[in-house]
Amino acid sequence: MQSFSRPALLTALALALAPFPAFAAPVQVAVTDSAGNALPHAVVALVPAAGTSVPAPPPRTVVLDQRKEIFRPHVLVARPGDTLAVRNGDAKKHHSYSFTPMAKFSAEMGPNSPGPEVALPAVGEVAIGCNLHDGMLAYAVVVDAPVAGVTGPEGKVTLEAPAGAYTVRLWHPRGSRWDEPGKLEVAASGASASYSLVVEPKSAEPGAYDDPEQGFPLP
Amino acid sequence: MRRHGLSFRGRVVVLLAAAIGAVQAFNAVAQYWVVRNAVLTRTGTELARAAEIFNGRVQVATEQLGETARILSLDFALREAVATGEHETALSALRNYGQRLNGARMLLVSLDGHVMADSQPPPSGPAASFAYRSLLGGPALRKGGTALAVLDGQPSRLAYVPVLAPRAVGWVVAVLPLGAEDAAALKALSPVDIDVSFVWQSDDGWRAAGTSLDQALAATIPATAAALEPAVPMLRADADGDAVQYLGTFPVAAGSPPVGLLLRHRADTALEAYEPLVYALLGVILTGLAAGLGGGVLAARTAARPLGQLAKAARDVEAGRYDLPTLAGAEPAVPADEVGRAMQAFRQMAGAVSDRERQVRHQAAHDGVTGLPNRQELDRLLAERAGQGAAPLSIVLLGLARLAELNNTLGHGLGDRLVARVGDLLRDAAGPGALVARVADNRFAVALPAGEEQAAEAARRLVGVFDAPVALDGLAIDVQAGAGVAGRDPALTPRELLRRADVALYLALQHDHGVTTYAPGLDPYRPEDVSLMSELRAGVERGEMALRYQPKVDLRGGRVVGAEALARWTHPRHGFLPPDRFIPLAEETGNIRHLTRWALSTALAQAAAWRTAGLDLGVAVNVSARDLADAGMADLVRGLMGDLRLPPRNVTVEVTEGAVMRDPDAAVAVLRRMADAGARVSVDDFGTGHSSLAYLRKLPVSELKVDKSFVLKLASSPTDQAVVKAVVELGHALDLSVVAEGVEDAGAFALLAGMGCDLAQGYHMGRPMPAADLAALAVGARWDAVPA
């Protein structure tokens, strides 16, 4: 969660604490492909089951940076109402676009320039490309779940969720559809779970990167 | 031999040349076929290689199409249009791109294979789904790909690329049919002339797509493709002749009918490069033929030369040359083979023939009795001498008198030996340098290289040999000999010389002169007479003859009562010819008949003319002994007298006493017929011949004509007067009138008148003259008998 800015995290925590006095517990989720390989860039969302109450987090702005002709992150997760802030961190021009109807945009950005702020009003996957660099591709996955995250290079993600019952939902660019591998009980001390996901081979997907390190924020 | 075809040498040459030529031709043809097959095989290999290259070329082009399509597919507007579902926009963009891609047909295909847009929909309408959807998806999702496939009946290059927006949202498929331009481009690519056709195999056989062939040949493509096995070159005849054909195949998309590449290379084009080889082979054939001919000529010469020599030798023998110079040189060179033996045999034969011929010739050229050359041989020898330009010879012709009697007396055996002895004596007496020949039974010719005088001397010596009797078998035989001499004369032929000697000998024998030398005056025969006789008849027809009339005068009245018609010949070259130049000749040659007929016709016509003019003049025409054998002569006289209405007293035929006596019976018959026809018959030259009074009595004679030899000197010769007087009396006793010829003076005229002679003829009254002069004389002249 290093991508989240500390003020934003604190704000979210404060907001969560306000309606719910309970403290959130860490939930560790590991995702692999069917062969057991760690699967980075997988979206993990926890949808509270009936009886579990998780206060809705406040709207926020998620940032999509472009560095070394790569969208960073390759996959980011947002909730309806959030805003996508595109920026160019490269020393070259980029022309980002998306033809996804709810978040359609097209913007040329000079070197090291901020880009457009795109509203993400509804649930869906927004594919973002660069018209100058065909290899660049990013997904902004808008999901209506209070707890969600994206697996890191080792295919793992640690989420913060109040104890209770949740439905686990998984999405991956090479799978391109939501998977619900099952329910997850989060204890007061947290939980951990592993899931495997059926995905297309890497090379089949245009714009994907063979290097698992790619598509992640640079230090 | 030559008429029937080639000579032996020719046949050898032809056979050898034909054999070598055949071998060469076979060789050349075999070489040509080997080369041709090699060329065609190589052409096939080249076609296979070309097919590979073309295949690669098509693939490269297809990949280029794919590359371009991929770049185009990344167009932002297209992506947007596709991603936002604006298909009309997408289609117009595709159309635009299609034009950029050499007019390619562009399809927009959804990820699940549905055709969403088509820039050139087929006539049947756009297909619902893309035929080769299996190509799409899988690894292709990233970069797309290319393939060759038959789409809507056209073998086409397909390039399919995903539309990334930025994820794949659909497919752009570019379709470029393999057309005639592509075929032409491939054809242009090849250094050799290869025609390219794209074919594909439908359910009912191969079909043609683009081709570089012309229309006529394009029609044959399906059949050709069907006949070919893929990747196996084949030499095949089509509408344009022999061609090497090759069917290559393209890898095609799964589910596509096979697509092929049909290559065609004309065989003659393939062989064109080998034209020099063909010429070289032709050269080889011709050189071989020439060598064959040369060798044949050489071989034939070797084999045929002896035969040719034999043939020439045979011709030599034929021509009478027996020394055989051709064989003499050839024989040593010829080994004892068949030809050599034949030559030897031929030479022996030639020798034998030569011997026999010498014998025959000797017999033919020599007299069997004396062994002396005969007449022909003498002629030949003399002609040979003359031809060699040797000194001319004089000829002594020695004749034996009484040889026939001797033969009869002694018998022919002894007679022959006598003649042989005479030959020997003559040969001995003539001495060396003289040529002695027996030219007739009783004639020996001695040719001497001497002048006339010496020859005459020699002749006397030769005749003198026989002054003494010839001793034979104990008999002393008296041989009488005479000799004629003809002196040498370079202008004369030997034959003429011999003739002259013969004339001289004739006279010598006749007059017992011993030796007579030829002189022109002695010669009754002159060569020019011969030509004269041949011209006589033509002369008669050409009117060169004319009649002159010599008056006959009545001795009692002194008036002209008639005339004797005498022929004159004015020859175109010789001029005037007197009768004695041609009448005797004409009698001898028989031409007298024509002359007599002409004279009768002309004279009788003249008599008729005189009668018409009121002159009663008789005309007398001479008839020769020959004419008396011509029964037609009397008919002619009869016819003429009838036609001209001449009374009998006006026509007289004069015939000499001698002529009548030669064949009295025949003469009597003809003369009688003439008398019957109405002509008077007069006996000419009466008194000179040995006329028989018996015949004279039988003859139908009306007149006697006293020969002029009795009349010319009548006045001075009492003997002649007596003879003439006797004749006149005889004539009158036989009731014949009497005419005197040769009356040249008034004295004779008077004497004749006194003797009672009826008519006179002679220069005293007139020479022979033209008819008109005679008529004038008859009218105005009169002679009186004045006693001398």
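This is a predicted model: local features need pLDDT of at least 70, side-chain atom pairs count only at pLDDT 80 or more; totals for chains, interfaces and linings use all residues.
Figure 1. Leaving aside residues up to four places away in sequence, N374(B) touches A364(B), A365(B), H366(B), D367(B), A437(B) and R438(B). A polar atom of the N374(B) side chain also lies 3.3 Å from the backbone nitrogen of Q376(B).

**Figure 2. The interface of chain B and chain A.** In this view, 18 residues of chain A and 13 residues of chain B take part in the contact, and the area buried between chain B and chain A is about 1,400 Å², with carbon and sulfur atoms giving 60% of that area. How many salt bridges are counted between chain B and chain A? The count is one, and this salt bridge is formed by the side chains of K104(A) and E80(B), with N and O 3.1 Å apart. Across the interface of chain B and chain A there are also four residue pairs in polar contact, with both residues at pLDDT 80 or more. On the side of chain B that touches chain A, two elements give two or more residues, namely α2 (76-83) and α4 (140-143) of chain B, and the largest share, four residues, comes from α2(B). Sorted by class, this side of chain B has eight nonpolar, four charged and one polar residues.

Figure 3. Within α2(B), the buried residues include F76(B), L78(B), R79(B), A81(B) and V82(B). The N-terminal end of the helix is capped by D75(B), which places a side-chain oxygen 3.0 Å from the backbone nitrogen of A77(B). Just after α2(B), G85(B) takes a positive phi of about 80°.

**Figure 4. Two domains of chain A and the contact between them.** Chain A is divided into domain 1 (25-54 + 146-202) and domain 2 (56-144), and the C-alpha centres of these domains of chain A lie 23 Å apart. In the contact between them, 12 residues of domain 1 of chain A meet 12 residues of domain 2 of chain A, and about 1,000 Å² is buried between the two domains, of which carbon and sulfur atoms give 73%. On the domain 1 side, P146(A), W171(A) and W178(A) lose the most area to domain 2 of chain A, and together they account for 41% of what that side buries. How many salt bridges and how many residue pairs in polar contact cross between domain 1 and domain 2 of chain A? There are zero salt bridges, whereas three residue pairs are in polar contact, with both residues at pLDDT 80 or more. The elements that give two or more residues to the domain 1 side are β2 (43-48), β12 (147-150) and β14 (164-171) of chain A, and β12(A) gives the most, with three residues.

**Figure 5. A salt bridge between two loops of chain A.** E69(A) and K92(A) form a salt bridge in which the closest N and O atoms are 2.8 Å apart. Because E69(A) lies in the loop between β3 (61-67) and β4 (70-72) of chain A, and K92(A) lies in the loop between β6 (82-88) and β7 (94-98) of chain A, the pair ties together parts that are 23 residues apart in sequence. E69(A) counts as partly exposed at 33% relative accessibility, and K92(A) is also partly exposed, with a relative accessible area of 32%.

**Figure 6. Salt bridges within and between helices of chain B.** D316(B) and K312(B) form a salt bridge whose closest N and O atoms are 3.9 Å apart, and both residues lie in helix α9 (residues 275-318) of chain B, four residues apart, which is about one turn of the helix. An α-helix has 3.6 residues a turn, so residues three or four places apart point the same way. Of this pair, D316(B) is buried at 2% relative accessibility, while K312(B) is partly exposed, with a relative accessible area of 36%. In another salt bridge, the closest N and O atoms of R673(B) and D635(B) are 2.6 Å apart. R673(B) lies in helix α22 (residues 664-677) of chain B and D635(B) in helix α20 (residues 632-644) of chain B, so this pair ties together parts that are 38 residues apart in sequence.

Key
Residues are numbered from 1 along each chain as its sequence is written. Chains are lettered from A and ligands numbered from 1 in the order in which they are written. Side-chain values use heavy atoms; hydrogens and water are left out. Contact means heavy atoms within 4.5 Å. Buried area is the accessible area (1.4 Å probe) that two parts lose on being put together, summed over both. A salt bridge is a side-chain nitrogen of Lys or Arg within 4 Å of a carboxyl oxygen of Asp or Glu. A polar contact is a pair of N or O atoms within 3.5 Å; within protein, one must be able to donate a hydrogen and the other to accept it, and residues adjacent in sequence count only if both atoms are side-chain atoms. Ala, Val, Leu, Ile, Met, Phe, Trp, Tyr, Cys and Pro count as nonpolar, Asp, Glu, Lys and Arg as charged, and the others, Gly among them, as polar. Buried means under 20% relative accessible area, exposed over 50%, partly exposed in between (1.4 Å probe, protein chains only). Domain bounds come from an automatic or database domain assignment.
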